[in-house]
Amino acid sequence: MDLQGKLKSSYLDWLNERISLRSINGAIEITSPMLDRHNDFLQIYVVPDGDAFRLTDDGYIINDLLMSGCEVDSTPRRKEIFQLLLNGYGVQRSDRDELFIKADIGDFPQKKHLLLQAMLSVNDMFMVARPHVQSIFLEDVENFLLDNDIRFFENINFSGRSGYSHTFDFGIPKSKASSERLIKTINHPTRDASQALLWAWSDTKEARKGDPTLYAFLNNSDSTIKNDVIDALSRYDVKTVLWTERDKYISELTA
């Protein structure tokens, strides 16, 4: 088994071995090994809905952000970005501010994966370190691309070799000078975030033609990123772009 295959196998084993389930009030509570910004395990709930299921976070993500002073609807652009993030994972928002997705037995693993990834993405992108910060990191990266005339399309989905769907924030089409490039932004780079990205990338890369390149834009404006996060990404040929050093990559992104 090659390095990418070992990574995928290790990640899936880690997910499966550390997930726990219990019945609660007619639903099934699933505790995942993925951590939120409080270092608590993310939980979702499976609610029977006829012959199918409704997977929901029970309003946790949006309400947690609200209690921290971060509103996903505070500006039209933030609301648009929030909806784009949800659309990328096929996840919806209920009137009770739940993030939810519908599933059946056949696609339950994929839908569970999509809901958890949506929860992580929204939690990461909208939680700013300082209350007075007006922009979110995804907006900053988008403006960087626009200001430097870097052509791109946004919020793209690819099916990996495993059959799972993976979302990337931006894509730069191939040219005579360069292959296809994908961009993923990480507002709060952690070991869990890098591990999830590496699995998504290895799964996607195997299913793409033309040897695409992934750029991980990491927000280091307010804190130092641990070396093990950068080393892990680099080991799998992911180009890490520290936000404070972004100008170094303009020429290769415009190629």
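Predicted model: local features only at pLDDT ≥ 70, side-chain atom pairs only at ≥ 80, totals over all residues.

Visitor: What is the strand order in the open sheet, and which strands stand at its edges?
Guide: The sheet has 5 strands in the order β7-β8-β9-β10-β11, with mixed pairing (a pair needs at least two DSSP bridges). From one strand to the next, the twist averages 40 degrees. Two strands each have a single partner, so one side of each is left without a neighbour in the sheet: β7 (153-159) and β11 (239-242).

Visitor: Which residue in β8 stands opposite Ile156?
Guide: β7 pairs with β8 (residues 165-172) in the antiparallel sense, over 6 bridges. Opposite Ile156 in that strand stands Phe168.

Visitor: How do α6 and α7 cross, and what does the contact have by class?
Guide: Two packed helices are described by the angle between their axes and the distance between the axes. Here the axes of α6 and α7 (residues 227-235) come within 9 Å and cross at roughly 5 degrees (axes are lines fitted to C-alpha atoms, for helices over the stretch in contact, and angles run from 0 to 180 degrees between N-to-C directions). That makes the two helices, α6 and α7, roughly parallel (under 35 degrees; over 145 is roughly antiparallel, 65 to 115 roughly perpendicular, the rest oblique). Arg191, Ser194, Leu197 and Leu198 meet Val229, Ala232 and Leu233 (contact means heavy atoms within 4.5 Å), and by class that's 5 nonpolar, 1 polar and 1 charged residues (Ala, Val, Leu, Ile, Met, Phe, Trp, Tyr, Cys and Pro count as nonpolar, Asp, Glu, Lys and Arg as charged, the others, Gly among them, as polar).

Visitor: And α3 with α5: what angle do they pack at, and how do the residues of the contact divide?
Guide: α3 (residues 76-89) and α5 (residues 137-147) pack at about 95 degrees, with axes 11 Å apart, which makes α3 roughly perpendicular to α5. Arg77, Arg78 and Ile81 in α3 meet Leu138, Glu139 and Glu142 in α5. The tally is 2 nonpolar, no polar and 4 charged.

Visitor: Which residue takes a positive phi in the hairpin of β2 and β3?
Guide: β2 (residues 27-35) and β3 (residues 41-49) run antiparallel, joined by 5 bridges, and Ile28 has Val46 as its bridge partner. That hairpin has 5 residues between the strands, and the one with a positive phi, near 65 degrees, is Asn39.

Visitor: What about the hairpin of β3 and β4: which turn residue has a positive phi?
Guide: β3 pairs with β4 (residues 52-56) in the antiparallel sense over 5 bridges, with Val47 partnered by Arg54. There are 2 residues between these strands, and the positive phi, about 70 degrees, belongs to Gly50.

How values were computed:
Residues numbered from 1 in each chain as written. Heavy atoms only, no water. Helix = DSSP H or I, 4+ residues; strand = E, 2+ residues; numbered from the N terminus.
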